[in-house]
Amino acid sequence: LTRPGTGRTDADGRAEVRVRFEGLEDLWEGELHVRAPGFAAWRRGEVVNRGGHLTRPGELLVQAGRVTDIGDVRLDAGRTIVGRVQTPEGDPIPGAAVWEYRWADAVLADCTWDPPPDAVRADSAGRFALTHAPDREVTLAAVKDGFCLAWAKATMDAAEVVVELVPGYRVQGRVLHDGRPA
């Protein structure tokens, strides 16, 4: 999958998404996400095409040149996850970006760790509130310049989620080929 497919609903709530593949027309995996402002994201975790064959229960098979009807997608308001971003010593990290980590976001963004547009920012006390999170356990990611990316589980029964960021390391050098900059 080289680019995420996107679509918009019409007046009746119908949408179509077209996805472009390069060299992987018969073998790929991914996730299907449906998002709308004010609602928790809906996702189907196994969207596959392995030469036209399903290999695991619960997979949604899609094939080039065919339309796959996923039926009605029902969105709900979800839940609010509250927490704080801090150093291992407990100092708040204001301005840290926090979001629901989805592996597809990292893969489709060429493995950069830039926060997605729906990330929230920690306030001056390091506190955040992530609204419209799915009603299930999720993994949160947090990052801020000067710190390493960190993850934390947000279980259904957690009153507060604490994400600890540690200072990052700086690495520098030169890349050469035959004694010249490459």
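Modeller: Buried means under 20% relative accessible area, exposed means over 50%, and partly exposed is in between (1.4 Å probe, protein chains only). The model is predicted, so local features need pLDDT of at least 70 and side-chain atom pairs pLDDT 80 or more, while totals for chains, interfaces and linings use all residues. Residues are numbered from 1 along each chain as its sequence is written, and side-chain values use heavy atoms, without hydrogens or water.

Colleague: Let's start with the backbone. What is phi of H132 near?

Modeller: H132 sits in strand β7, residues 127-133 (strands are DSSP runs of E, at least two residues, and helices are H or I runs of at least four, numbered from the N terminus). Most residues other than glycine have a negative phi. H132 has a positive one despite not being glycine, with phi near 60 degrees.

Colleague: Is H132 buried or exposed, or in between?

Modeller: The relative accessible area of H132 is 32%. That value puts H132 in the class called partly exposed.

Colleague: And where does D178 sit?

Modeller: D178 is another non-glycine residue with a positive phi, near 55 degrees. D178 counts as exposed because its relative accessibility is 68%. As for its place, D178 is in the loop between β11 (176-177) and β12 (180-181).

Colleague: On to charges. How many salt bridges does the structure hold?

Modeller: The count takes a side-chain nitrogen of Lys or Arg within 4 Å of a carboxyl oxygen of Asp or Glu. Among them are R14 with D12 and E137 with K153. For the structure, the number of salt bridges is six.

Colleague: How far apart are the closest N and O atoms of R14 and D12?

Modeller: R14 is exposed because its relative accessible area is 54%, and D12 is exposed too, at 61%. The two form a salt bridge, and their closest N and O atoms are apart by 3.2 Å.

Colleague: Which residue does E160 meet in a salt bridge?

Modeller: The N to O distance in this bridge is 2.5 Å, and the partner of E160 is R127. The pair links distant parts of the chain, 33 residues apart, with E160 in the loop between β9 (150-154) and β10 (161-164) and its partner in strand β7. E160 is partly exposed at 34%.

Colleague: How far apart are the closest N and O atoms of E137 and K153?

Modeller: These two form a salt bridge, with the closest N and O atoms 3.9 Å apart. E137 lies in the loop between β7 and β8 (138-143) and K153 in strand β9, so the pair ties together parts 16 residues apart in sequence. E137 is partly exposed at 43%, whereas K153 is exposed at 52%. To come back to the distance, it is 3.9 Å.

Colleague: What kind of aromatic pair do Y101 and W151 make?

Modeller: Rings of Phe, Tyr and Trp (its six-membered ring) pair if their centres lie within 6.5 Å, with planes under 30 degrees apart stacked, over 60 edge-to-face and the rest tilted. The whole structure has one aromatic pair. Its ring centres are 5.9 Å apart and the planes of Y101 and W151 are at 80 degrees, so the pair is edge-to-face.

Colleague: Which strand holds W151?

Modeller: Y101 is partly exposed at 24%, and W151 is partly exposed at 46%. The rings of Y101 and W151 pair edge-to-face. They link distant parts of the chain, 50 residues apart: Y101 is in the loop between β5 (97-100) and α1 (103-108), and W151 is in strand β9.
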